[in-house]
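Dear colleague,

I am passing on the structure below, together with some notes on what came out of it.

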Amino acid sequence: MVQQYEFKAKWLPYLLVLPQMVIVFVFFFWPSLQGLWQSFFLQDPFGGQVIFVGLENYVRLFTDPAYSYGESFAVSVAFAVCVAGLSMILALFLATQTNKKIRFASFYKTMMIWPYAVATMVAGVLWLFMFNPNVGVVAWFLKNRFGIEWQHLLNSGQAFLLVTLAASWKQISYNFVFFLAGLQSVPVDFIEAAAIDGAGPMRRFWKIIFPLLSPTTFYLLVMNLVYGFFETFPIIHQVTAGGPGKSTSILVYKVWRDGVINLDLGGSSAQSVILMIMVIGLTVVQFRFIERRVHY
Amino acid sequence: MTEHNRLRRFTPHLYLWIAIVILLFPIILVFIASSHTSAEILAAPMPMRPGSHLVENYTRAILEGNKNLGASALTMMKNSLIMALGIAIGKIVVSLLAAYAIVFFKFPLRNFCFWAIFITLMLPVEVRIMPTYKVISDLGLLNSYAGLILPMIVSATAVFLFRQFFMQIPREIAEASQIDGASPMQFFWSILLPMTRTPIAAMFVIQFIYGWNQYLWPLLITTKQEYYTILIGINRMLAGADVVIEWQIVMATTLLAMIPPALIVVVMQKQFIAGMTDTEK
C-alpha cells in the first residue's frame, strides 16, 4: 500500500473522537459491563440486599421450570425462522416480478418499499385491528364465512400466526430492496445466453440467478434472524403480551418482562448476557462470510 | 425480457397488484375506521366505506387526544419529531467527526478508538435495556429528551458508512489543502463536508425513520404524558378492554404516526435505498 497522507495534530483528533467515545463509554460499555456484573448477583428489587451468587442466575434459567427459558428459546427460534422464511420468499418473488422489465416498474417499486417506514409497533396495531375478535374485519370474516373462531388471546397457534404475519408483513420491503438490488446486478448476457441454450425461466432462475444472489440471500438471512429475535419486541408487546400463557414470549420480551414487570434483575441480566452472546455469534458468522465473499 | 407472449407479460402485474392490495389493506382499513364513530366500529362488521366523522375525529385526536390519555397527537408528534431529529442529526454530527479523525489523522489511540466503536455494532439496545435504563436513571435523564436521544446514538453504523466514504477520497486533496495553508478543520468544513452530502442525506433518511419508530426505549423511560412519543401514546390508548377503546381516535393517531416516515421514504426514495444498501458493507 502507498503511504497515505495524514494530518499531524496533537490534540485535534482526540477532540474529534471525544463525543463518540463519551457516548460509547457511557451508554454502551458502562451498561454492558453492569449487565454482566449484575448477572452474577441476586438482588432484592427494593434495593436492599445484594448477594453474590456466581453462575446461579444462569443455572436457574436452564433448570428452574418456572422460568420456562427453554420454551421461550424454542418459540424465539421458531418465530425468527418463520418470519425470515416467509418475508424473504415473498420479497424474492416480488423482486423477481418487478425486475422483469415491465411497465410501471418504478411505481411498483415504490408500492413495495413504503411499509419499511411503518414502525414495527404500528405493524402490530394494524394486524391487531384486523384480527381483533370484537372489531376486526378479518376476524369477523373468518367467523362468518369460514366458521373459524379467531381468539388469539386464547388460542396459542393463532397468536403465533398473527405475530408472524405482522412481523413478516413489515419486513417484506426491507428484503425487497436488497433482492431487487441483487437482481439488477445479475448480468443480462448470462440470462440471455442461457435462454438461447434453451433454458426455461424456472431453470434460469434456479441455475443462474439464485446462485448469483446467494451473498444477498445470506446477508438477509442473518439480518432477518436478528430482526426476528431482537427487533420484534413491539409486536409481541402490543399484540399478544407474550401470551396466551407463554406461547409467544420470545427472548427479548422475556428479558423485558422479567426485568421491568417481575423485577428480577439478576435473572433478566443473565438473559441479556445470553442474548449478547447470540448477537455476537451471528455478527461473527456474518463477517466471516463477508470476508470470504471478498476473496472469491 | 426473453419470453414474448401475452400471458407471460401480464402475470407479473397481477402478482404485484395482489401484493399491493395486501400491503395496503391494513392502511385502508385504518383510514376507514378513522372516519367513523366508535359505535359504528364496534357494530361488527364495521362499514367498509369512509364515514362522515373524519374531520371531527382528526381534530379531536390532534388537539385533545383520547380521553384519559392526557396527551394530544400534536404534542406526541412534536416529541417524536424531536427524538427522530435528535437521533438523526446527533448521530450524523458525532459520527462525521469520529470518522474524520479515524481516517485522516494519525494518532496513538486510533486503533483503540476504532475497535471501541466497532464493537457497538454487535449489540443492539434491546439486549441491554435494563442496565442502560439504570445508567439513564442514575444520570437523572428519565423523562427528558436527552434520555430519549443519547442512548440511541451509540451504534456505529454511521461511523462506518462515513469511514468507508472518506477512505475513497484521494488523499492528495487533503495534502493540497495543507500546502495551501488550510487548517484541518477548514479542510473538513469547506472541502470534505460538501463532498459528503450524498451519504449524509442517505444516513439522515435511515436514522430519522429509526428514531421516529423507536418503541422499547421510550416505553421504558417516559412515564410523564408530556414526553410520550406518538407510538407510546397509541400503546397507552389501547390498554384496557375493547369496548372502552376509542378505536376511531386510535386509528386516526395511528395514521398520523405513519405519515412522516412514509413521506420521507417515498420522497427521498433514492437516498433511502442508497442508505440501506450502503450500510450493508
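A residue is called buried here if 20 or more other C-beta atoms lie within 10 Å of its own, exposed if 12 or fewer do, and partly exposed in between, with the C-beta atoms placed from the backbone. This is a predicted model, in which local features need pLDDT of at least 70 and side-chain atom pairs count only at pLDDT 80 or more, while totals for chains, interfaces and linings use all residues. Residues are numbered from 1 along each chain as its sequence is written, and chains are lettered from A and ligands numbered from 1 in the order in which they are written.

On confidence, the predictor gives the complex an ipTM of 0.86 and a pTM of 0.87. The mean pLDDT (the predictor's confidence in each residue, from 0 to 100) is 86 for chain B, where 94% of the residues reach 70 or more. Within chain B, helix α4 (residues 73–104) has the highest mean, at 93, and helix α15 (residues 269–278) the lowest, at 79. Where pLDDT is low, the predicted coordinates should not be read in detail.

Taking the chains in turn, chain A has 13 helices and two strands, whereas chain B has 15 helices and zero strands; these are DSSP runs numbered from the N terminus, helices being H or I of at least four residues and strands E of at least two. Of the 296 residues of chain A, 42% count as buried, and in chain B buried residues make up 47% of the 281. The radius of gyration, taken over C-alpha atoms, can be set against a globule rule of 2.2 Å times the number of residues to the power 0.38. For chain A a compact globule of 296 residues would come near 19 Å, but the chain has 24 Å; for chain B a compact globule of 281 residues would likewise come near 19 Å, but the chain has 24 Å. Along the principal axes, the C-alpha atoms fill a box of roughly 75 × 75 × 30 Å in chain A and of roughly 75 × 65 × 30 Å in chain B.

Two residues are taken to be in contact if their C-beta atoms, placed from the backbone, lie within 7 Å. Among contacts with a separation of 6 or more, residues 24 or more positions apart account for 68% in chain A and for 73% in chain B. Between the chains, 78 residues of chain B are in contact with 82 residues of chain A.

Of the 32 residues of α4(B), 24 are buried, so that the helix is mostly covered. Leaving aside neighbours within four places in sequence, Phe176(A) is in contact with Ala91(A), Leu94(A), Ala95(A), Met112(A) and Ile113(A).

Val83(A) lies in helix α3 (residues 69–98) of chain A and is buried, with 26 other C-beta atoms within 10 Å. Beyond four places in sequence, the contacts of Val83(A) include Thr164(A), Ala167(A) and Asn224(A). Val205(B), in helix α11 (residues 197–212) of chain B, counts as buried with 24 C-beta neighbours inside 10 Å, and the residues that Val205(B) touches more than four places away include Ile264(B), Met268(B) and Phe272(B).

Finally, some backbone angles deserve a check. Most residues other than glycine have a negative phi. Ala241(A), however, has a positive phi of about 50 degrees and is found in the loop between α11 (233–239) and α12 (251–261) of chain A. Asn143(B) also has a positive phi, near 50 degrees, and its place is in the loop between α6 (129–138) and α7 (145–149) of chain B.

With best wishes
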